[in-house]
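Here is a friendly walk through a structure, one question at a time. Keep the view open as you read.

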Amino acid sequence: METLGFLMDGFGVALAPHNLMFALIGAFLGTLIGALPGLGPANGVAILIPLAFTLGLAPETAMIMLTSVYAGAMYGGRISSILLNIPGDEPAMMTCLDGYPMAQQGKASEALAISAVASFIGSLIATIGLILLAPLLADFALTFGPAEYFALFLLAFATLGGITGKNPMKTVVAAAIGLMIATVGIDNTGVQRYTFGTLELYEGVDFIIAIVGLFAISELLFFIEDKAGGGKEKMAVNKLTLKWADIRNILPSSLRGGVLGFIAGVLPGAGASLGSFIGYTLEKKVVGKKGYFGQGDPRGVAGPEAGNNGASSGALVPMLTLGVPGSGTTAVLLALLISLNITPGPLMFTQNADIVWGVIAALLIGNFLLLILNIPLVGIFVKLLSVPPMYLLPVVTMIAFVGIYSISNTTFDLYFMVAFGVAGYIFRKLEIPLVPIILGLLLGPEMEKNLRHAMDIADGDWTILWDSGLAIGLWVFAGMGLILPYIVGPILRRRMRVATGTGGPEGD
Amino acid sequence: MVSNDRIFGILMIVLAVAYGWGTTQFNEPFGGAEAVGPETFPRLLAVVLALSSLYMIVRPDPDNAWPWSRTGIELIVAVVVLILYAALLQPLGFIISTTLAVGTLCWRMGARPVKAYVTGAISGVAVYLLFSFALDLALPLGLLSFMEVG
């Protein structure tokens with residue numbers, strides 16, 4: 001029952017008035033970020049990181065705020081799925097299938113309410129799962145030596161594309177580029193690498209600048225290219241007439257979706273998109289012929305929504321316990337931890353227990369806040385949704401500029417950010433995923449450090465890297481992460497495409 | 001056409017070679033060489049990048065179309081606006097440069113010019129006030145510095 005004590009301490013942190021306030025702000029901003037098309041969760045969290053610094057927030061407050069943003073973004077993604085038939089983020093894709101038809105039948109607010117309840121249940125299940133599983137995994141991770149860590153990082157890269165990923169080799173290219181950028185600067189033996197004598201490069205490339213540039217600026221360029229400035233027609237929202245029976249009706253679907261989503265979130269290489277996809281297909285199987293999926297069945301909204309939110313909380317498990325994120329947005333949260341000078345990984349549970357458990361408690365509280373925010377206040381978000389991207393994106397870009405500028409008050413960083421933005425645009429055009437680049441930037445120093453430790457221990461013997469059973473297992477899984485997409489990827493992708501009736505936004 | 005991936009693959013191989021060659025230029029670390037020096041990890045990366053880029057050349061994906069013509073020019077305009085924004089932020093000050101940059105971007109994305117620049121001005125002033133009073137953080141005033149209070 002040690003966990004319970006920690007959790008209580010965590011509640012003590014999370015319920016402190018200013019933390020609660022920032023959790024509320026974060027939840028609100030997050031829902032907004034998730035709802036607005038073209039401002040994905042990873043992007044939104046990235047833009048807010050510099051602001052968290054300029055506010056001078058305490059580490060636990062900053063972390064609580066951005067975790068709330070993360071949780072909120074998963075709630076928000078469904079709003080544009082239901083009202084515009086555009087998923088706010090990729091995992092919300094499955095919510096379109098029954099959500100949009102419901103809105104077309106004049107039941108938009110029921111669809112929104114049901115999905116909010118389902119999101120709540122999914123997140124709740126997954127947060128409880130996180131509370132139970134994370135300490136165990138952290139304990140287990142304490143047995144990892146440097147060689148195991150090195151293999152674990154490889155596993156993280158290899159599975160990042162997910163088994164539905166298109167071209168794993170491009171993930172490798174992207175990871176290598178990210179790791180290379182991470183080597184710029186003075187390494188820990190004091191040797192300058194790739195600095196070309198430029199003073200600004202001595203400390204390496206600030207990954208916050210890279211992240212904001214890659215995500216925010218490239219998004220702006222994509223919107224300009226698509227000429228999507230005007231926005232799309234949205235469905236009218238009717239008055240809510242939700243009965244208790246409706247909620248009871250979707251409870252089993254939400255529970256199943258939440259559990260499945262959590263599992264998909266924890267496992268490397270699955271991720272929220274697969275979580276919501278499995279949630280949807282399972283619902284279709286379980287309900288069978290009694291359902292009318294694809295034509296506005298509430299259970300078809302609840303299942304994937306619960307799955308999607310379950311997966312996003314589940315994805316926090318590897319991030320918090322191992323320091324290895326499994327998705328873009330958790331990678332950005334990891335960036336925040338690293339820049340707060342907190343070493344992520346199993347030791348965080350002992351050394352920074354207040355932060356970890358504060359964040360976990362904040363997730364629980366945030367869930368209730370989000371449910372409250374999302375049922376009565378959904379009208380506000382719907383109004384904001386009608387701000388056309390042609391005004392929204394320039395303003396978001398400006399906020400990114402301010403945030404980056406405020407870190408160090410130099411113009412050099414801004415040029416750097418624009419350069420990363422242009423690079424990000426080119427990468428996305430070539431379908432080179434951006435997340436491995438960011439993960440490379442984040443994990444590069446740790447990866448090299450572990451390689452060094454392992455080799456120093458073994459006196460330069462490379463076989464140390466696959467000397468233990470655990471390390472071999474990790475290598476095998478990493479290999480599978482690269483090979484499986486070639487085998488099962490096409491099949492799964494085809495099924496997802498058939499199910500959604502579109503190509504869908506692949507990767508990102 | 002499948003040339004995008006090939007061209008990119010070739011560029012990346014060039015990068016990998018240059019990056020790998022760069023490892024030979026490092027200074028010897030203080031205290032002599034160890035099993036894993038500063039050059040080991042980068043060399044590994046160079047090999048990985050070279051091999052994976054080679055794969056991209058051998059088995060490229062189909063191309064996405066590049067936006068030549070007008071859209072391409074719009075994109076270049078946007079990038080130029082961003083660079084100018086960065087360059088003029090300090091000399092012109094935050095409010096003026098933001099009005100110009102956000103306004104131009106809104107306009108180029110399809111808003112009417114007046115509405116676009118009004119949006120730019122409002123967002124610039126709002127963020128400036130928020131930063132200076134609520135967050136206690138000084139953004140450059142530039143040309144408007146005569147308005148500085150206190």
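This is a predicted model: local features need pLDDT of at least 70, side-chain atom pairs count only at pLDDT 80 or more; totals for chains, interfaces and linings use all residues.

Q: How far apart do the C-alpha centres of domain 1 and domain 2 of chain B lie?
A: Chain B is divided into domain 1, residues 3–58, and domain 2, residues 69–147. The C-alpha centres of these two domains of chain B are separated by 40 Å.

Q: In what order do the elements of chain B run from the N terminus on?
A: Chain B has zero strands and five helices. Reading from the N terminus, the order is therefore simple to write down: α-α-α-α-α.

Q: Which helix of chain A gives the largest share of the side that touches chain B?
A: The contact takes 50 residues from chain A and 53 residues from chain B. On the chain A side, helices 8, 9, 18, 19 and 20 each supply at least two residues. By class, that side has 30 nonpolar, eleven polar and nine charged residues. The largest share, eleven residues, comes from helix 18 of chain A.

Q: Are helix 6 and helix 16 of chain A roughly parallel or roughly antiparallel to each other?
A: Helix 6 covers residues 108–141 of chain A and helix 16 covers residues 353–374, and their axes are 10 Å apart. The two helices pack at an angle of about 175°. Angles over 145 degrees count as roughly antiparallel, so helix 6 and helix 16 of chain A are roughly antiparallel.

Q: How many charged residues does the contact of helix 6 with helix 16 of chain A have?
A: Helix 6 of chain A brings residues including A:Phe120, A:Leu124 and A:Ile131, while helix 16 of chain A brings residues including A:Leu363, A:Asn367 and A:Leu371. By class, the contact has nine nonpolar and four polar residues.

Q: Which residues of helix 12 of chain A make the contact with helix 4 of chain A?
A: The axes of helix 4 (residues 59–84) and helix 12 (residues 298–314) of chain A come within 10 Å and cross at roughly 160°, which makes the two helices roughly antiparallel. Helix 4 of chain A passes helix 12 of chain A in a right-handed crossing. From helix 4 of chain A come A:Tyr70, A:Met74 and A:Arg78. Their partners in helix 12 of chain A are A:Glu305, A:Asn308, A:Asn309 and A:Ser312.

Conventions. Residues are numbered from 1 along each chain as its sequence is written. Chains are lettered from A and ligands numbered from 1 in the order in which they are written. Axes are lines fitted to C-alpha atoms, for helices over the stretch in contact, and angles run from 0 to 180 degrees between N-to-C directions. Helices (H or I, at least four residues) and strands (E, at least two) are DSSP runs, numbered from the N terminus. Angles under 35 degrees count as roughly parallel, over 145 as roughly antiparallel, 65 to 115 as roughly perpendicular and the rest as oblique. A crossing is left-handed if the near helix is turned anticlockwise from the far one by less than a right angle, and right-handed if clockwise. Two residues are in contact if their C-beta atoms, placed from the backbone, lie within 7 Å. Ala, Val, Leu, Ile, Met, Phe, Trp, Tyr, Cys and Pro count as nonpolar, Asp, Glu, Lys and Arg as charged, and the others, Gly among them, as polar. Domain bounds come from an automatic or database domain assignment.
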